[in-house]
Amino acid sequence: MKQIALPIRFGIATSGSLIAYFLVLSLFGLHTNVFFSLFNGVITGFGIYEAIKYFRLQEKHNFNYGVGFKAGMVTGVVATLIFTFFFAFYATEINTDFLKELSTSWFNNFKNFEGIVFFTVAIMGFATTVVLTLTFMQLFKTPKNLKKKSD
């Protein structure tokens, strides 16, 4: 449990940043423009990067690719789950016209639109998590040729 506490905290902080960004967009009426959701990848990426970086500092010699990958995945999955639940709550309870506005902006048909939108938000978050974690672990992994030179 101790090993995933830091990634969970970073996941919660990342989800808080995603929620804050979404709410700021909604203040200006820009939350129905899906192009602004591209910045969610930047926010999530920053959270994953920082989680892996701090986890590497915390673990020092015990850090390896698998441990770092797990830290990044836990961070991203926690952030995605919390943001998806918030998004679903916002769309169904806080601003019930949000999905109608989104569907008229981007889609012609509203049948089963809620489920598709929530599923898409979750899948985008999970895909971003996997891709960015794999990318950032290339930066943080220990090169094997350094170990051979020191022998």
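What follows is a short chat about a predicted model.

User: How confident is the predictor in the protein?
Analyst: The average pLDDT, the predictor's confidence in each residue from 0 to 100, is 85 for the protein, and 86% of the residues score at least 70. Residues are numbered from 1 along each chain as its sequence is written. As this is a predicted model, local features need pLDDT of at least 70 and side-chain atom pairs count only at pLDDT 80 or more, while totals for chains, interfaces and linings use all residues, and side-chain values use heavy atoms, with hydrogens and water left out.

User: Where is confidence lowest?
Analyst: Confidence is lowest in helix 6 (residues 144–150), with a mean of 58, and highest in helix 1 (residues 2–27), at 93; helices here are DSSP runs of H or I with at least four residues, numbered from the N terminus.

User: Switching topic, which residues of helix 2 make the contact with helix 3?
Analyst: With contact meaning heavy atoms within 4.5 Å, helix 2 contributes Asn40, Gly47, Ile48, Ala51, Ile52 and Phe55, and these meet Val67, Gly68, Ala71, Gly72, Thr75, Gly76 and Phe83 of helix 3.

User: And how many salt bridges are there in the whole structure?
Analyst: The search finds 1 salt bridge, defined as a side-chain nitrogen of Lys or Arg within 4 Å of a carboxyl oxygen of Asp or Glu. Lysine 53 pairs with glutamate 50, their closest N and O atoms being 3.4 Å apart.

User: Which helix holds lysine 53 and glutamate 50?
Analyst: Both lie in helix 2, 3 residues apart, which is about one turn of the helix.

Notes:
Helices (H or I, at least four residues) and strands (E, at least two) are DSSP runs, numbered from the N terminus.
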